[in-house]
Amino acid sequence: MQSRRYGPDVLAAGKPRRRELPRIAAERGLVVEDAAGQFCGAVVGCEKDAVILEDRHGRRRVFPLSPAAFLLEGEAVMLVRPAGPEAAGVGQARTASGSIAAPPSRAKVARESRIYVEGRHDAELVEKIWGDDLRDVGVVVEYLGGIDDLPAIVAGFCPGPGRRLGVLVDHLVAGSKESRIAASVQSPDVLVAGHPYVDVWAAVKPAVLGIGAWPQIPPGTLWKEGVLRALGWPPDTAAAWRRVLRSVTSFADLEPAFLGRVEELIDFVAAPGSR
């Protein structure tokens, strides 16, 4: 730390300096790899605090623009929003998920493959952000009455080669009831993907709603009701959900842990060879 009045900080002498990462503009076509080495693709879009990558198979993933999140030619870098028209994606209409909007076309026949989500609120949020993309690939989203119904739904669906089932589960963490049920139905034709949030409301970034964080609700308390009390909102969960959903306008308003799971499921059920 340097002060023009007091001079250099003598206590800082000898301390190792943190290496500053190169800041690279996330310009369309730039090929990078995520820091975990699990996805490599070209930049196809950049909005607010997230970037969209597309791999050579046409699969897309959304990643946050955070420090050291990417590798460029093997070196850690920090991607930043490009300046000028490139930042806004001028000339290309985009869906709420950040995908390039497909040109208008006749309605597609729905695939046999399906995505199930755990609850009506999950289904409404997925429809708001990925509805255009799902209609473009002909994938229908339905919702479970509860995770306990999953084994019966999978058995009744009769998944098989080309007839795939994707399932989005709330609060899928190791050792939970949800994880045990998910493991019991997984197969090459069934993908169960889960996010870590107790409820899909928490997949919405708190700042979008003007709050600092989602409240921590003690075990044994109904989560939604506890949240409403902690935030001082009226005790009307239906009205509160409308408020939450209304605040979401694009993928950038959702947590990456939720975004990635939904896009993984869409890729799975819409993969070449599925029907």
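**Inside the core**

Start with W130. Leaving out residues up to four places away in sequence, W130 touches S97, L125, L254, F258, L259, V262, E263 and I266. Touching, or contact, means heavy atoms within 4.5 Å.

This is a predicted model: local features need pLDDT of at least 70 and side-chain atom pairs pLDDT 80 or more, while totals for chains, interfaces and linings use all residues. Residues are numbered from 1 along each chain as its sequence is written, and side-chain values use heavy atoms, without hydrogens or water.

Now widen the view. The largest nonpolar core has 45 residues, and W130, W201, W214, L254 and F258 touch the most other members. Several elements give two or more residues to this core, including strand 10 (114-117), helix 2, strand 13 (190-194) and helix 7 (256-269). Helix 7 gives the largest share, 7 residues. A second, separate core has 14 residues, among them L150, F157, V169 and I181.

Some terms. A nonpolar core is a set of buried Ala, Val, Leu, Ile, Met, Phe, Trp, Tyr and Cys residues joined through side-chain atoms within 4.5 Å. Buried means under 20% relative accessible area (1.4 Å probe, protein chains only). Helices (H or I, at least four residues) and strands (E, at least two) are DSSP runs, numbered from the N terminus. In soluble globular proteins, nonpolar side chains tend to be buried together.

Four strands form an open sheet in the order 11-10-12-13, with parallel pairing. Strands 11 (140-143) and 13 are the edges; each has a single partner strand, so one side of each lacks a neighbour in the sheet. Strands pair if DSSP finds at least two bridges between them. Strand 12 (residues 165-169) is joined to strand 13 by 5 bridges. Within that region, L168 stands opposite A193 in strand 13.

D133 is found in helix 2 (residues 120-137). Its relative accessible area is 15%, so D133 is buried. Beyond its neighbours within four places in sequence, D133 contacts T95, S97 and S99. S97 is also touched by W130.

D199 is another case. D199 is found in the loop between strand 13 and helix 5. D199 counts as buried because its relative accessibility is 10%. Its side chain joins that of K224 in a polar contact of 2.4 Å.

Notes. Buried means under 20% relative accessible area, exposed over 50%, partly exposed in between (1.4 Å probe, protein chains only). A polar contact is a pair of N or O atoms within 3.5 Å; within protein, one must be able to donate a hydrogen and the other to accept it, and residues adjacent in sequence count only if both atoms are side-chain atoms.
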